[in-house]
Amino acid sequence: MSFSLKLYNTLTREKTAFEPIDADNVRLYVCGPTVYDYAHIGNARPAIVFDVLFRLLRHVYGVDHVTYARNITDVDDKINARALRDHPGLPLNEAIRQVTEKTETQYHADVAALGCLEPTVEPRATDNIPQMVEIIEKLIANGHAYVAQGEVLFDTKSMLEYGQLSKRPLDEQQAGARVAVDAHKKNPGDFVLWKLSSQNEPGWESPWGRGRPGWHIECSAMSERYLGEVFDIHGGGLDLIFPHHENEIAQSRCAHGTQVMANVWMHNGFVQVEGRKMSKSEGNFTTIYDLLHTQTFGGRQWPGDVLRLAMLMTHYREPIDFSVKRLEEAERLIAKWPPVDASDADPCETMMSALADDLNTVAAVQALHALAQEANADRTLLPMFAASAALLGVVPKRVEVDEALASAVDALVAMRLEMLKAKNFAEADKIRNELADKGIQLKDGKDPATGERVTTWEVKR
C-alpha cells in the first residue's frame with residue numbers, strides 16, 4: 001500500500017502528513033515517569049500510545065532507523081520527600097537512590113507487562129546535569145535568563161512567541177498552583193532553571209552555587225543530547241502542555257536559536273476511573289501493579305494485554321473512562337482471537353490505513369478483530385493476523401499444556417461424546433461447564449469424511 005502517515009500536531013492544531021527530518025533516523029521523545037512512586041493507570045496511557053507509534057515508525061522506516069528516547073526523572077522534590085519518609089536513617093543521596101531504583105525497576109516491569117517495547121535510550125535526569133548547566137549558561141548569555149537570589153530563572157517576556165503551544169498569551173498567564181509569585185521574579189510567569197539546595201537536598205556544583213535543576217530544563221537537555229536541537233516528534237500527556245512542554249520549547253529554542261524544538265507535538269487525553277477523576281482522595285487511585293497483581297480493581301487481577309487493549313479501544317486524543325466494564329469488553333474480544341506466533345508477513349492494509357490516520361487505534365482494533373474472525377476460519381490468514389496484532393502490541397499467545405493435563409482433558413472430552421451419543425445431555429453439559437470453569441473451551445464440529453461429531457478444545461486466555 002502507498003503509506004502516508006498523518007499526525008495531529010498540538011502546535012498547529014492540525015492533522016498533517018508526517019515528513020521526517022531524516023528518514024534514516026526518525027526521532028521521538030516522550031516524557032517518562034518521575035520515579036517517586038508506583039506508576040498509575042494514567043501513566044500507562046502515554047507508555048502504550050507512544051509504543052504503538054514507535055512500532056508503526058519502525059515498521060515504516062525500519063527498526064534501525066527510529067530512535068525513541070523516554071526519560072527517567074530521578075531528581076524531584078517529591079522524590080526527596082519520599083526518600084526522607086521511607087529511609088530516615090540513611091544519608092539523603094543513598095535514600096534517594098533506594099527510592100528511585102525501586103520505583104524505576106517496578107515501572108519497567110509494569111510497562112513490559114503492558115506489552116511495551118524498550119525505548120532506544122532511556123536517559124536519567126541525574127546523568128545529564130552538565131548538559132543542563134550548559135543550556136542554562138547559553139540562556140543567560142543570550143539574554144533569556146537571569147540570576148536572582150541564588151536562582152536562575154527564564155525570562156518569559158524575552159521570548160515573543162512564548163505560549164505558542166498552549167495558546168495562552170503571556171499577559172493572561174496568572175500566578176496559580178503551578179506558577180509561584182516571588183518578589184525576585186521579573187514577571188509572574190518566569191520559571192526556575194536552577195535552584196539552590198540545602199544540606200538536606202540533593203545538589204550539584206554549578207556556576208551559581210550548589211543546587212539542582214528545575215523540572216523543565218531536564219527534558220530540554222536530554223532530548224538535545226540524544227536526538228538533537230530539533231527532532232521529529234515530542235509526546236506526552238495532555239496535562240504536560242502547560243507549563244512543562246511550553247517551557248521546554250522556550251528553553252530549547254532560545255538556547256539554540258531554532259524555530260522549533262520538535263516538528264510535531266502529540267498529546268494523549270486524560271484518564272478517568274469509573275467515571276471520576278483519579279485521585280487518592282477519591283479512593284480510586286489505581287496503579288498498574290495493582291491491576292496486574294492484586295484484586296483491588298473489579299475483584300480480580302487483569303492480564304497486561306487486556307489492559308493494553310482497553311486503552312487502545314479509545315482514540316489516544318480522547319478522554320478515556322477506565323472501568324471494569326471496559327476491561328471485560330477487551331477480555332471478551334481477545335478471547336475470540338486465534339493464538340499466533342511471530343510472523344514476518346505484511347500486516348492488514350485496513351488496519352495500517354487506520355493507524356496511518358493519526359493512530360486511529362479504534363478503527364485498527366475493529367479491523368484486527370474482523371481479520372481474527374477470518375483467520376479462525378481460514379488458517380492461511382494467521383501470519384497476516386500475527387503481523388497486524390504485533391503492530392498494536394496485542395498478540396494472543398499460545399498456551400503450553402503439559403501432557404498430563406492434555407490426557408485428562410482428552411478423557412473428559414471422550415466421556416462427553418459418549419454422553420451425547422446416549423442423549424444424556426445434562427451430564428454432557430456438566431462436563432462442558434466444569435471444563436469451562438477451569439479455562440478449557442470446547443468446540444464441537446463434524447468430521448468432513450464421516451459426518452460424525454468431533455470435539456476439539458483449547459485453553460482460554
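## Domain layout

Domain 1 and domain 2 bury about 1000 Å² between them, and 65% of that area falls on carbon and sulfur atoms. The model is predicted. On the domain 1 side, 11 residues take part in the contact; domain 2 supplies 12 residues.

## Helix α1 against α12

Two packed helices are described by the angle between their axes and the distance between the axes. Helix α1 spans residues 41-61, and helix α12 spans residues 382-392. They pack at an angle of about 130°. Their axes are 7 Å apart. An angle of 65 to 115 degrees would count as roughly perpendicular, and one over 145 as roughly antiparallel. The α1 and α12 pair is therefore oblique.

On the α1 side, the contact uses V52, R55, L56 and H59. These meet A390, L391 and L392 of α12. By class, the contact of α1 with α12 holds 5 nonpolar residues, 1 polar and 1 charged.

## Helix α1 against α8

Helix α8 (residues 304-312) also packs with α1. Here the angle is about 80°, and the axes are 10 Å apart. That value makes α1 roughly perpendicular to α8.

From α1, the residues in this contact are I41, A44, R45, I48, D51, V52 and R55. Their partners in α8 are R308, M311 and L312. The contact of α1 with α8 has 6 nonpolar and 4 charged residues, with no polar ones.

## The parallel sheet

An open sheet is built from 4 strands in the order β4-β3-β9-β10, with parallel pairing. Its edges are β4 (66-70) and β10 (262-268), each pairing on one side only. From one strand to the next, the twist averages 20°.

Strand β9 (residues 231-237) runs parallel to β10, and 6 bridges join the two. One of the residue pairings is I233 with V264, its bridge partner in β10. Helix α5 (residues 215-227) packs on the sheet and touches β3 (26-30), β4 and β9. The direction of α5 makes about 160° with that of β3.

Strands β14 (residues 440-446) and β15 (residues 453-459) run antiparallel. They are joined by 7 bridges. L442 has W457 as its bridge partner in β15.

The hairpin has 6 residues between the strands. In this hairpin, G451 takes a positive phi near 80°.

## Backbone details

Which peptide bond is cis, with omega near 10°? The bond from F242 to P243. P243 is found in helix α6 (residues 241-256).

K167 has a phi near 60°, a positive value in a residue other than glycine. K167 sits in the loop between β6 (151-154) and β7 (191-196).

Note on methods: Residues are numbered from 1 along each chain as its sequence is written. This is a predicted model: local features need pLDDT of at least 70, side-chain atom pairs count only at pLDDT 80 or more; totals for chains, interfaces and linings use all residues. Side-chain values use heavy atoms; hydrogens and water are left out. Axes are lines fitted to C-alpha atoms, for helices over the stretch in contact, and angles run from 0 to 180 degrees between N-to-C directions. Angles under 35 degrees count as roughly parallel, over 145 as roughly antiparallel, 65 to 115 as roughly perpendicular and the rest as oblique. Contact means heavy atoms within 4.5 Å. Ala, Val, Leu, Ile, Met, Phe, Trp, Tyr, Cys and Pro count as nonpolar, Asp, Glu, Lys and Arg as charged, and the others, Gly among them, as polar. Two strands pair if DSSP finds at least two bridges between them. Buried area is the accessible area (1.4 Å probe) that two parts lose on being put together, summed over both.
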